[in-house]
Amino acid sequence: YPNPTTENVTVTFDGSFNFYVTDMLGKVISSGNGNGQETISMATFADGSYLLTVLSGDITRTIKVLKQ
């Protein structure tokens, strides 16, 4: 959250996780890890749609994020 965003998006997840942000062509723009909560800066990203994928163990969640 928030979605859409102008600058940051915050991921909240139970436990530790890895994440990556890709553009709509599949190019990885950002990646990292967190534990419980992580704020991802999208301030330098071009306006448009991105996919945010969160991985933890055998759980994978992907959401579309709109950067304005």
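How many positive and negative side chains does the protein have, and how far apart do the centres of the two sets lie? There are 4 positive and 6 negative side chains, with the two centres 8 Å apart. Lys and Arg count as positive, Asp and Glu as negative; His and the chain ends are not counted. Each charge is placed at NZ of Lys, CZ of Arg, CG of Asp or CD of Glu.

The model is predicted: local features need pLDDT of at least 70, side-chain atom pairs count only at pLDDT 80 or more, and totals for chains, interfaces and linings use all residues. Residues are numbered from 1 along each chain as its sequence is written, and side-chain values use heavy atoms, with hydrogens and water left out.

The protein has four strands and zero helices (DSSP runs: strands E, at least two residues; helices H or I, at least four; numbered from the N terminus). The order from the N terminus is β-β-β-β. The radius of gyration, taken over C-alpha atoms, is 11 Å, close to the 11 Å from the globule rule for 68 residues, so the protein is as compact as a globular protein of that length. That rule is 2.2 Å times the number of residues to the power 0.38.

Buried residues (under 20% relative accessible area, 1.4 Å probe, protein chains only) make up 32% of the 68 residues. The largest nonpolar core has 13 residues. Such a core is a set of buried Ala, Val, Leu, Ile, Met, Phe, Trp, Tyr and Cys residues joined through side-chain atoms within 4.5 Å. Ile40 and Leu52 have the most contacts inside this core. Strands E1 (8-23) and E3 (48-56) each supply at least two of its residues. E1 gives the most, with six.

How values were computed:
Buried < 20%, exposed > 50% of the residue type's maximum accessible area, 1.4 Å probe, protein only.
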